[in-house]
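Me: I am new to this structure and would be grateful for a close look at a single part of it.

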Amino acid sequence: MRLACYQPEIAGNMGAILRLSACFGIGVDIIEPCGFIWSDAKMRRAGMDYVQHVDVARYSGWDAFRTAQESRIVLLTTKGDTRLPDFSFEPDDILLMGRESAGVPPEVAQACDAAVRIPLLPQVRSLNISVAAGIALAEALRQTKGLPA
């Protein structure tokens, strides 16, 4: 299982996602361009010393990412048809997170194999991307028995 971030915009959120991934032992795919300058120093600062424990792959854009993938891509979106607890994850799924400000464009959403949403109260819009990633990843790993011992 992997987390993929589509054109991430906030270095602090990316650092939190890298730390999350290190703690659960999963890789992260970065689909560029990023909304910040990617540097080892900046990511170390944002992700603390956890970053060294994450397999990070960077892609020049959506087409490069999509071409390199054979696994099912599960988009996490507030517009998802399926609620997170109702979705059946597979061990090699890639959980795709959109941009903090705009999610993913329609052509990216349409290219994904599934669109899943975290159930929220109707009066709120969305969760922080790193919080959403943690909730979805924990559920996916729980279902696939991939949580660390």
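What span should the 15 residues of helix H5 have at 1.5 Å a residue, and how far apart are its end C-alpha atoms?

Reply: The model is a predicted one. Helix H5 covers residues 129-143, and at 1.5 Å a residue it should span 21 Å. Its end C-alpha atoms are 21 Å apart, which agrees with that expectation. Just after H5, Lys-145 takes a positive phi of about 60°.

H5 lies across S1, S4 and S6, and it runs at about 160° to S6. These strands belong to an open sheet of seven strands, with parallel pairing and the order S3-S2-S1-S6-S4-S7-S5. Strands S3 (56-59) and S5 (82-83) stand at the edges, each with a single partner strand, so one side of each has no neighbour in the sheet.

Among the buried residues of H5 are Ile-129, Ala-133, Leu-137 and Leu-141. The cover over the buried residues of H5 includes strand S1 (2-6), helix H1 (11-24), strand S4 (73-76) and strand S6 (94-97).

An α-helix has 3.6 residues a turn, so residues three or four places apart point the same way. Glu-139 has a relative accessible area of 15% and is therefore buried, whereas Arg-142, with 48%, is partly exposed.

Technical notes: Residues numbered from 1 in each chain as written. Predicted model: local features only at pLDDT ≥ 70, side-chain atom pairs only at ≥ 80, totals over all residues. Heavy atoms only, no water. Helix = DSSP H or I, 4+ residues; strand = E, 2+ residues; numbered from the N terminus. Expected span 1.5 Å × (residues − 1). Buried < 20%, exposed > 50% of the residue type's maximum accessible area, 1.4 Å probe, protein only. Contact = heavy atoms within 4.5 Å. Pairing = 2+ DSSP bridges. Axes fitted to C-alpha atoms, helices over the stretch in contact; angles between N-to-C directions.
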